[in-house]
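Please read these notes with the structure open beside you, and take the points in order.

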Amino acid sequence: MSSSTSVVPATSALLNECLEFDHVAVGGGAGRRTELSRAADEGRMRVATVDGRAVGFAVAAPWFFDAPFLALLYVDPSMRKRKFGSLLLEDFEQAHPSRVLTSTNLSNVPMQGLLRSRLWTPCGILNGLDEGDPEIFFMKVN
């Protein structure tokens, strides 16, 4: 039997599934739960699914320097290295046919690799958000 993969708007059921595998939410991050609930309610959260089950999600921020900003991309750790991150990035890029931005920590080498594989380019560094771990900003012009 083959599986069906898609990226869809977050529903309350899919949001709950995402909250079960997001390590910040699982670790008691009430702020993260509130943030994701708000993003889902506002239509800013998209969920990658396999056979209707959540395996990852992406959250867009309203705007950042007049461009859509991918605020968060997270894939269930048990489902990583299966192209779901790339699928979520592609969905974000297609939804915003213009310049798009995101950021990740210098220590997050897998995310940097994913961004570069989809032709995002580094465009700046911000120190001081996370002690000793600068934030690298990336941009893609679609």
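1. By class, how many nonpolar, polar and charged residues does the lining of the second largest pocket have? In this predicted model, that lining has seven nonpolar, two polar and three charged residues. The pocket holds about 160 Å³ of space, and among the residues that line it are Arg44, Arg46, Asp91 and His96. Helix H4 gives the largest share of the lining, four residues, and E3 is also an element that gives two or more.

2. The largest pocket, with about 980 Å³ of space, is lined by 35 residues, of which Leu73, Tyr74, Asn108, Pro110 and Met111 are the closest to its centre. Strand E4 supplies the largest share of this lining, seven residues, and by class the lining has 16 nonpolar, eleven polar and eight charged residues.

3. Leaving aside neighbours within four places in sequence, Leu73 is in contact with Phe57, Ala58, Gly85, Leu88, Leu89, Met111 and Leu114.

4. On confidence, the protein averages a pLDDT of 92, and 98% of the residues score at least 70. Confidence is lowest in helix H2 (residues 23-26), at a mean of 82, and highest in strand E2 (residues 45-50), at 97.

Note on methods. Residues numbered from 1 in each chain as written. Predicted model: local features only at pLDDT ≥ 70, side-chain atom pairs only at ≥ 80, totals over all residues. Heavy atoms only, no water. pLDDT = per-residue confidence, 0-100. Contact = heavy atoms within 4.5 Å. 1 Å grid on protein atoms, 1.4 Å probe; cavity = no way out; pocket = protein on both sides within 12 Å on 5 of 7 lines; lining within 4 Å. Points joined across faces, edges and corners; volume = space filled by probe spheres on them. Nonpolar A, V, L, I, M, F, W, Y, C, P; charged D, E, K, R; others polar.
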